[in-house]
Amino acid sequence: MKRNIILAVVAILCLAMYLGPYVLLLLVLPIAYFIGSRKENMEVQRVTYTTMEEVERKYGAPDDVVVLNASRANEIPSLILFYDAIDVMIISGVELKLSDLVGVMPKNMATPYTVDECAVILSIKDTDYPTIRLRVGYDYGLACEITAQIDSHIKK
């Protein structure tokens, strides 16, 4: 693949020297199209769910459920579903591999000047989204409990 790219660059430079620099302006659009289509092909398509029924239809009952917000316990955006046997976790409706979960920690997002919610920070093996921040309310103790529950599923 790199060889083809190098050959294309050399060919473009030869054309530019032979026909002049204005040829490069004509080649900008095809090159931009090639680069854009290549990025689209390399993007990983994420599987997302909007309801619990969709998830249960596909995987059945989860092995463990973490509730991030008790007032929205039946809604998929406030849940983390774990399917240990098939190495899948669903965080706020997004399907991820459980083996990609690297670490988890609670964090108080407040500063000395503001009162802010606590969060649970997940580290995953993904170059596009290496961390996921899940807001869990103003109770740091709850954030620690959620962290311990998620930490029990990390494959070591």
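The structure is a predicted model, in which local features need pLDDT of at least 70, side-chain atom pairs count only at pLDDT 80 or more, and totals for chains, interfaces and linings use all residues. Residues are numbered from 1 along each chain as its sequence is written, and side-chain values use heavy atoms, leaving out hydrogens and water.

I begin with the surface. I5, V9 and L13 make up a nonpolar patch with about 240 Å² of accessible area together. Patch residues have over 30% relative accessible area and no salt bridge, with nonpolar side chains joined within 5 Å and like charges within 9 Å; a salt bridge is a Lys or Arg side-chain nitrogen within 4 Å of an Asp or Glu carboxyl oxygen. Areas are Shrake-Rupley values with a 1.4 Å probe. V9 lies in helix α1, residues 2–19. V9 counts as partly exposed because its relative accessibility is 43%, where buried means under 20% and exposed over 50%.

I turn now to the sheet. Three strands, in the order β5-β6-β7, form an open antiparallel sheet. Its edge strands are β5 (101–108) and β7 (131–137), each pairing on one side only. Pairing requires at least two DSSP bridges between two strands. β6, residues 118–124, pairs with β7 over six bridges, and S123 has T131 in β7 as its bridge partner. Six residues separate β6 and β7 in their hairpin.

Finally, helix α4 (residues 140–151) packs on the sheet and touches β5, β6 and β7, contact meaning heavy atoms within 4.5 Å. The direction of α4 makes about 175° with that of β5, on a scale from 0 to 180 degrees between N-to-C directions of axes fitted to C-alpha atoms.

Technical notes:
Helices (H or I, at least four residues) and strands (E, at least two) are DSSP runs, numbered from the N terminus. Buried means under 20% relative accessible area, exposed over 50%, partly exposed in between (1.4 Å probe, protein chains only).
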